[in-house]
Amino acid sequence: MKERLEQLQVEALVKVEQATDSKALQEVRVAYLGKKGPITEVLRGMGKLSAEERPLIGQMANDVRAAITEKLEEKEAQLQKAEIEKKLAEESIDVTLPGRPVQAGTRHPLTAVVEHVEDVFIGLGFEIAEGPEVETDYYNFEALNLPKDHPARDMQDSFYITNELLLRTHTSPVQARTMEKYKGKGPVKIICPGKVFRRDDDDATHSHQFMQIEGLYIDENVRMSDLKGVLETFAKKFFGEERNIRLRPSFFPFTEPSVEVDVSCGMCNGKGCRVCKHTGWIEVLGAGMVHPNVLEMGGFDSKRYSGFAFGMGVERLAMLKHDIDDIRHFYTNDLRFLTQFTRG
Ligand code: PHE
C-alpha cells in the first residue's frame with residue numbers, strides 16, 4: 001500500500017507538470033484527489049489494515065494528498081501568470097505607430113459660395129431669410145406682379161404639383177413672404193439663399209435644379225444708387241477689389257426699372273477675351289427697384305417706402321469664381337472635383 005501511494009504521488013506530480021492549461025490541471029485534480037480517485041480508495045480500504053499500520057498509512061495518504069495539492073496550486077499560479085502575460089503581449093499598443101488618418105470632408109463648393117456671399121451681406125447689415133421650396137402660385141408669381149396669363153410667366157417654365165402649388169422657380173417669393181411678415185414697416189434688409197427649379201433640359205450651363213440668392217432692401221428713400229453701391233461692394237468683396245460693375249437696362253415684372261448687372265471680366269481685366277466673349281464684361285445678376293405693385297401687395301405704402309431687389313445664381317457665381325466649365329460637375333459628386341474648392 002505504501003508503494004501504491006508513492007507511485008500515485010510520482011504519477012500525479014508528473015501529470016501536473018505536463019498540464020498546459022487550467023482545464024487540464026482541473027482534470028488531474030479530479031482524477032487523483034476526487035471522491036472516486038485512488039487516494040480516497042486507499043483511505044477507504046484502511047479498515048483492513050492492522051492497528052500499527054493504520055496511522056502510518058493514514059499519515060502517508062495525507063502527505064501525498066498535501067504534496068499533490070501544493071503542486072497543483074503552484075502550477076495553477078504559474079499557468080495563470082503565463083496566461084496574463086500572453087494576453088498583455090497580444091493587447092499591447094505600439095504608441096509609436098503612425099495613426100490612421102480620419103477622412104475629413106470638405107464643404108461643397110456651392111455651400112462655400114453661399115457662405116461667402118452671406119458673409120459679405122451680413123457685413124452690410126443684411127439678415128438671412130428662408131422660404132419653402134414648394135411654393136404657392138400666389139407667392140411665386142402673383143404677389144410679384146405676375147398675374148395668371150401674364151406672358152412673362154413663360155420666362156420660367158415651371159414644375160407644377162397642382163394648379164396652385166409648384167416648385168419655386170426663383171427665390172423671389174421669399175421677398176413677398178418677408179414683406180408680409182414685416183406688416184408694412186421698414187426697414188427690411190434680407191438675403192435669401194435657396195434651391196430653385198425650372199423645366200430646363202440639363203446641359204453644361206443649365207440644370208433643372210439650381211441655387212439662387214435673393215436680396216431685398218426696403219426703407220424710406222432707398223434709391224438706385226444704393227443698389228449700385230451695395231452690388232459694387234459685393235462684386236469687389238466676392239470676386240476681388242479690382243473688379244467693377246455696370247448696369248444694363250432689362251425687364252422683370254417685379255422691378256421697375258430693372259437692370260442686368262455685369263462684372264468686369266477677371267481673366268482680361270475688362271480688355272476682352274474668350275471668357276467674356278470679347279466684351280470685357282460678364283453678366284452676373286438681375287436686379288431693380290421693387291415695383292410699386294409688389295410693395296403694395298406686400299403691405300408696404302409705396303409712397304412712403306421704396307426698395308431694391310436682386311437675384312443671382314449660385315452655380316454661376318461658383319463657375320465664374322473658379323473657372324468651371326460645366327454646371328453638372330456640382331451634382332455628380334466626384335470627390336476629385338469637390339475637394340478642390342475650399343475657402344479658408
Ligand atoms: N427672380 C429673378 C430671376 O430668377 C431674379 C431677380 C430677382 C431679378 C430680384 C430682379 C430682382 O431671374
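**Strand pairs, helix packing and salt bridges**

Trainee: Over how many bridges do E4 and strand E5 (residues 209-219) pair?
Mentor: This is a predicted model, where local features need pLDDT of at least 70, side-chain atom pairs count only at pLDDT 80 or more, and totals for chains, interfaces and linings use all residues. Residues are numbered from 1 along each chain as its sequence is written, and side-chain values use heavy atoms, with hydrogens and water left out. Helices (H or I, at least four residues) and strands (E, at least two) are DSSP runs, numbered from the N terminus, and two strands pair if DSSP finds at least two bridges between them. E4 and E5 run antiparallel, and their bridges number ten.

Trainee: Which residue of E5 stands opposite Cys192?
Mentor: Start from the strand pair: E4 lines up with E5 in the antiparallel sense. Opposite Cys192, E5 places Glu214.

Trainee: In which sense do strand E1 (residues 127-128) and E4 pair, parallel or antiparallel?
Mentor: Look at the facing residues: Glu127 is opposite Ile190 in E4. E1 and E4 share two bridges, and the sense is parallel.

Trainee: What is omega for the cis peptide bond that joins Gly186 and Pro187?
Mentor: Pro187 sits in the loop between helix H7 (173-182) and E4. The bond from Gly186 is cis, with omega at about -5°.

Trainee: Is Asp149 buried or exposed?
Mentor: Asp149 is not a glycine, yet its phi is positive, about 70°. The residue lies in the loop between helix H6 (137-140) and strand E3 (165-167). Its relative accessibility is 77%, so Asp149 counts as exposed.

Trainee: What is the relative accessibility of Asp323?
Mentor: Asp323 is a non-glycine residue with a positive phi of about 55°. Its place is the loop between helix H10 (314-322) and helix H11 (329-332). Asp323 counts as partly exposed because its relative accessibility is 47%.

Trainee: How are H1 and H4 oriented to each other?
Mentor: Axes are lines fitted to C-alpha atoms, for helices over the stretch in contact, and angles run from 0 to 180 degrees between N-to-C directions. Angles under 35 degrees count as roughly parallel, over 145 as roughly antiparallel, 65 to 115 as roughly perpendicular and the rest as oblique. H1 (residues 2-18) and H4 (residues 53-91) pack at about 5°, with axes 10 Å apart. The two helices are therefore roughly parallel.

Trainee: How many residues of the contact of H1 with H4 are nonpolar?
Mentor: Contact means heavy atoms within 4.5 Å, and the residues that make it include Leu5 and Leu13 of H1 and Ile57 and Val64 of H4. Ala, Val, Leu, Ile, Met, Phe, Trp, Tyr, Cys and Pro count as nonpolar, Asp, Glu, Lys and Arg as charged, and the others, Gly among them, as polar. One contact residue is polar, five are charged, and the nonpolar ones number eleven.

Trainee: How far apart are the closest N and O atoms of Glu74 and Lys71?
Mentor: A salt bridge is a side-chain nitrogen of Lys or Arg within 4 Å of a carboxyl oxygen of Asp or Glu. Glu74 and Lys71 both lie in H4, three residues apart, about one turn of the helix. For the Glu74 and Lys71 salt bridge, the closest N and O atoms are apart by 4.0 Å.

Trainee: What is the N to O distance for Arg107 and Glu115?
Mentor: Arg107 counts as partly exposed because its relative accessible area is 31%. Glu115, at 27%, is partly exposed too. Their side chains meet in a salt bridge at 2.2 Å.

Trainee: Is Glu135 buried or exposed?
Mentor: Glu135 forms a salt bridge with Arg177, N to O 2.7 Å. The pair links distant parts of the chain, strand E2 (residues 134-136) and H7, 42 residues apart. Arg177 is partly exposed at 25%. Glu135 has a relative accessible area of 1%, so this residue is buried.

Terms used: Buried < 20%, exposed > 50% of the residue type's maximum accessible area, 1.4 Å probe, protein only.
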